[in-house]
Amino acid sequence: MTNDPASMRAAAARLRSGADGLTASSNQVDTQVGTVTFQGPAGDHFRVETIGGVFDLRSASVRMQELADRLVREADRLEQQQLAEQRQGGCW
């Protein structure tokens, strides 16, 4: 981890962007698969696997968003800590 709140916020923004991309991809796969009719055991298996893959993509997106949120909170905390240290340093 870095001691630079700005770089932490930039990393959070990149994570959010990646999460948005995963969500868009999962929605696209879900929509495209939903328009196709699958028949037989292989079709059933493919549909189940695809639903699982879409779920995994969406779960990863949520985890990335949560991590981005945590990075921003930590950047805020670090920034406040640095400001407090600067104020203390100015008192001497």
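Aspartate 76 is partly exposed, with a relative accessible area of 34%; partly exposed lies between buried (under 20% relative accessible area) and exposed (over 50%), computed with a 1.4 Å probe on protein chains only. Arginine 9 also counts as partly exposed, at 27% relative accessibility. This is a predicted model, in which local features need pLDDT of at least 70 and side-chain atom pairs count only at pLDDT 80 or more, while totals for chains, interfaces and linings use all residues. Residues are numbered from 1 along each chain as its sequence is written, and side-chain values use heavy atoms, with hydrogens and water left out.

The whole structure holds six salt bridges, each a side-chain nitrogen of Lys or Arg within 4 Å of a carboxyl oxygen of Asp or Glu. Among them are the following.

| Aspartate 76 | Arginine 9 | 2.6 Å |

The last pair joins aspartate 30 in helix H1 to arginine 58 in helix H2, 28 residues apart; helices are DSSP runs (H or I, at least four residues) numbered from the N terminus. Arg9 and Asp76 also belong to a salt-bridge network with Glu79.

Serine 61 lies in helix H2, residues 40–91, and is buried, at 5% relative accessible area. The serine 61 side chain makes a polar contact with the side chain of threonine 23 at 2.7 Å; such a contact is a pair of N or O atoms within 3.5 Å, where within protein one must be able to donate a hydrogen and the other to accept it, and residues adjacent in sequence count only if both atoms are side-chain atoms. Neighbours within four places in sequence aside, serine 61 is in contact with Ala19, Leu22 and Thr23, contact meaning heavy atoms within 4.5 Å.

Methods. Helix = DSSP H or I, 4+ residues; strand = E, 2+ residues; numbered from the N terminus.
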